[in-house]
Amino acid sequence: MSSRRSHSRHSSASRITEEEINELVSKLQMMLPDAPIRRNSRVSARKVLQETCSYIRSLHQEVDDLSEKLSELLASTDTDSAEAAILRSLLMQ
């Protein structure tokens, strides 16, 4: 019986409140690129989460595109050139 009580206490201690969820959703909304436009408007948590997922997917795509461009640039640059040295120094930062 004591294991049930300790599990119950642990479960209730680890539950997140609706207020905490609303605060986290609000923080996510503020991180989205067009958040200042909607700063004072009420948007559903579902919409904020959908927009956040979409934004993260677009960031992943942008990283992939930039990585591909960088690979192409490095492949077309003489490894001993000044441009290659600049690229290496930028990548090491």
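The side chains of Lys27 and Glu23 come together in a salt bridge, with a distance of 3.5 Å from N to O. This pairing is found in a predicted model, in which the protein is made up of five helices and zero strands.

**Salt bridges**

- By the rule applied here, the count of salt bridges comes to two, and the pair formed by Lys27 and Glu23 is one of them.
- Lys27 and Glu23 both belong to helix α2, which covers residues 18-31, and they lie four residues apart, a spacing of about one turn of the helix.
- Lys27 is partly exposed, since its relative accessible area is 44%, and Glu23 is likewise partly exposed, with a relative accessible area of 43%.
- The side chains of Lys47 and Glu51 also meet in a salt bridge, where the distance from N to O is 3.9 Å.
- Lys47 and Glu51 are separated by about one helical turn, because they are four residues apart in helix α4, which spans residues 45-76.
- Lys47 has a relative accessible area of 41%, and therefore counts as partly exposed, a class that lies between the buried limit of under 20% and the exposed limit of over 50%.

**A nonpolar patch on the surface**

- Ile16, Ile21 and Leu24 form a nonpolar patch on the surface of the protein, and together these residues have about 260 Å² of accessible area.

**The protein as a whole**

- When the chain is followed from the N terminus on, the elements run in the order α-α-α-α-α, in keeping with the five helices and zero strands of the secondary structure.
- The protein has 93 residues, of which 13% count as buried, and in this setting buried means a relative accessible area of under 20%.
- The protein exposes about 8000 Å² of surface, and 56% of that area is supplied by carbon and sulfur atoms.

Methods
Residues are numbered from 1 along each chain as its sequence is written. This is a predicted model: local features need pLDDT of at least 70, side-chain atom pairs count only at pLDDT 80 or more; totals for chains, interfaces and linings use all residues. Side-chain values use heavy atoms; hydrogens and water are left out. Helices (H or I, at least four residues) and strands (E, at least two) are DSSP runs, numbered from the N terminus. Buried means under 20% relative accessible area, exposed over 50%, partly exposed in between (1.4 Å probe, protein chains only). Accessible areas come from the Shrake-Rupley method with a 1.4 Å probe; for residues, only the protein chains shown count as cover. A salt bridge is a side-chain nitrogen of Lys or Arg within 4 Å of a carboxyl oxygen of Asp or Glu. Patches are made of residues with over 30% relative accessible area and no salt bridge: like charges are joined within 9 Å, nonpolar side chains (Val, Leu, Ile, Met, Phe, Trp, Tyr) within 5 Å.
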